[in-house]
Amino acid sequence: MIGNKWDEVLKEEFNKDYFLKLMDFIQNEYKEKIVYPYYPNIFNALKYTDYDKVKVVIIGQDPYHGLGEAHGLSFSVLEGVKKPPSLKNIFKELHDDLNIPEPLYGNLKKWTDEGVMLLNTVLTVEKDKPASYQNIGWETFTDAVISKINEKDTPVVFILWGNFAKGKQSLITNPKHYVITSAHPSPFSANKGFFGTKPFSKTNEFLKKNGIDPINWDLN
C-alpha cells in the first residue's frame, strides 16, 4: 500500500475494520466531492519517510484546504503555490534559529529526504472546509503511526506545535525520544511562544548527541 517498510509495520492496522471502512468512505468522498490532497498523495508522509529512516516527526493537524495547496506533507505546499502564513512563520523561525534564508518555495519534501516525517493527524480535507474529516478514523490511524515510531530503538525528535499536536504527547512514552513543544506557527499564536523556541537547532543538537547525523534544514 505504501511501498516501503511501513507496509510491514502497519500491516495489522491496514486490516482493521475501522481502517477498511475509512478507506471505503474516503474513496466515495473523492468521487462525489473535491477533496485534498489528490488521492495518490494521501499517504505521502509515509511514502517519503520510511520507518527506519525517521529521525524527526513534525505533527500537523489536517491538510491545507485551498486549491493546489496540500500534497500529503504537513505544512508543505508545492512549487508555485503561495506559502501559507504558518509556513512563512516556520521559515522566519528557521532563519532566526540557523540563519537559513527563506526558500523560494514552500515544498518541504527535501526535509523528508533527511529523515523528517511531516505527518498530519488527519490526512484528507474537503475543499474550503477545514477539519471536514476529523473524527472519522484518521486520528486512530495516525495515532498508530506515532505509536509505532515511539517503539523505535533509535532516538527520534517529535516536534509538537500547538495544542492539537501537544495532545499527541501522551503517545510518546519511550525515554529515548526527545519532545519539543511550543505554540503553533499560525499568525494567531506565533508571537505567544513559537518565535524564539529554536526547534531546528535543538533537534540537531539532540541528534548529534546521540550519534545521529543532523538534519540539513536548508531548502535553498
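The accessible surface of the protein chain works out at about 10,300 Å², and 50% of that belongs to carbon and sulfur atoms (Shrake-Rupley method, 1.4 Å probe). The model is a predicted one, so to speak for local features a pLDDT of at least 70 is needed, side-chain atom pairs count only at pLDDT 80 or more, and totals for chains, interfaces and linings use all residues. Numbering runs from 1 along each chain as its sequence is written, and side-chain values use heavy atoms, with hydrogens and water left out.

As for overall shape, the C-alpha atoms fill a box of roughly 45 × 40 × 30 Å along the principal axes. The radius of gyration of the protein chain is 17 Å, which agrees with the value near 17 Å for a compact globule of 220 residues (taken over C-alpha atoms; the rule is 2.2 Å times the number of residues to the power 0.38). Some 53% of the 220 residues count as buried, meaning under 20% relative accessible area with a 1.4 Å probe, protein chains only.

On the inside, the largest nonpolar core has 66 residues, and Trp111 is one of those that touch the most other members. Such a core is a set of buried Ala, Val, Leu, Ile, Met, Phe, Trp, Tyr and Cys residues joined through side-chain atoms within 4.5 Å. Beyond its neighbours within four places in sequence, Trp111 is in contact (heavy atoms within 4.5 Å) with residues including Ile58, Phe200 and Trp217.

Asn89 sits in helix α5, residues 85-98, and is buried at a relative accessible area of 14%. Not counting residues up to four places away in sequence, Asn89 touches Pro185, Ser186, Pro187, Ala190, Phe194 and Phe195.

Notes. Buried < 20%, exposed > 50% of the residue type's maximum accessible area, 1.4 Å probe, protein only. Helix = DSSP H or I, 4+ residues; strand = E, 2+ residues; numbered from the N terminus.
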